[in-house]
Amino acid sequence: MLRKLTIWRVGWGWFAVALLLAPSICVTPAYLSMFFGAPNPTAALFATLPTMLMMFAIRLVNPLDRPMQEELGWRGFALPRLQLRHSPLAASAILGLLVVVWHLPLVLLDMLPAYALFGTFAFTIVFGWLFNNTGGSVLMTLIVHAADGLVITGNLGLNEIDSERHIVILVAMWCVVALLVVLLTGPSLMRRPLAPDA
């Protein structure tokens, strides 16, 4: 597990994907919500940028935080073993169901809306795609996981209705990205099909 955390020679393009994918998906709903009357989030985003960068740095190295724990467990341990018996897509889907069950207590405690579990399943597929295309780099999935959730709805000056809409759009966007990944890569979750002996 720890060896996979040291895989960093993956190309700058994958570093860019890992750093920018989640924040882009998180910010976009805030701007789309403007069509429904929500305030422009630009000023709020710039005001909270230092806090977001500090949060990212802490989440990236804190062994007690969810990104470190979950990536070592889900991608460092579980996914490679699932992929010994299943295609990367099937393995990621199985893992996605496990991750959904893992997050179910948050729904039962009313800390997470039930529909958000669709987003949880979707980003497990996306993380599997990133993991496989970077040679099994847990570092890349750790970066994208640490970057996810930095744009906090409560910091955007949204009312309750706008906040709810923001989360709905966010979940939908993760689902769309996961669907695009599957459509473009197929069961291998790779840019190119895996060789028969791979």
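User: Why does Leu 189 count as buried?

Analyst: Its relative accessibility is 0%. Buried means under 20% relative accessible area, exposed means over 50%, and partly exposed lies in between (1.4 Å probe, protein chains only). So Leu 189, at 0%, counts as buried. This is a predicted model, where local features need pLDDT of at least 70, side-chain atom pairs count only at pLDDT 80 or more, and totals for chains, interfaces and linings use all residues. Residues are numbered from 1 along each chain as its sequence is written, and side-chain values use heavy atoms, with hydrogens and water left out.

User: Where is Leu 189, and what is its phi?

Analyst: Leu 189 sits in the segment after H7. Helices here are DSSP runs of H or I with at least four residues, strands are runs of E with at least two, and both are numbered from the N terminus. Phi of Leu 189 is near 55°, a positive value in a residue other than glycine. Most residues other than glycine have a negative phi.

User: Why is Val 17 called partly exposed?

Analyst: Its relative accessible area is 25%, so Val 17 is partly exposed. Val 17 lies in helix H1. Setting aside neighbours within four places in sequence, it is in contact with Trp 129 and Leu 130.

User: How do you know which label Ala 43 gets?

Analyst: Ala 43 reaches 59% relative accessibility, so it counts as exposed. It lies in helix H2. Ala 43 and Cys 26 are 17 residues apart in sequence and 16 Å apart in space, C-alpha to C-alpha.

User: Which of the labels do Cys 26 and Cys 175 get?

Analyst: Cys 26 is at 2%, so it is buried. Cys 175 is at 30%, so it counts as partly exposed.

User: What makes H3 mostly covered?

Analyst: Twelve of its 17 residues are buried. Among them are Pro 67, Met 68, Trp 74 and Leu 82. What covers the buried residues includes H2, H4, H5 and H6.

User: How do H3 and H4 pack, and in which kind of crossing?

Analyst: Two packed helices are described by the angle between their axes and the distance between the axes. Axes are lines fitted to C-alpha atoms, for helices over the stretch in contact, and angles run from 0 to 180 degrees between N-to-C directions. Helix H3 (residues 66-82) and helix H4 (residues 88-108) pack at about 145°, with axes 10 Å apart. The crossing is right-handed. The contact includes Trp 74 and Leu 79 of H3 and Leu 95 and Trp 102 of H4.

User: What counts as a nonpolar core, and how many residues has the largest one?

Analyst: A nonpolar core is a set of buried Ala, Val, Leu, Ile, Met, Phe, Trp, Tyr and Cys residues joined through side-chain atoms within 4.5 Å. The largest has 38 residues, and Trp 129, Leu 130 and Trp 174 are among those with the most contacts inside it. Elements giving two or more residues include H1, H2 and H7. H1 gives the most, with eight residues. A second, separate core of twelve residues includes Leu 79, Ala 91, Phe 131 and Leu 142.

Key:
A crossing is left-handed if the near helix is turned anticlockwise from the far one by less than a right angle, and right-handed if clockwise. Contact means heavy atoms within 4.5 Å.
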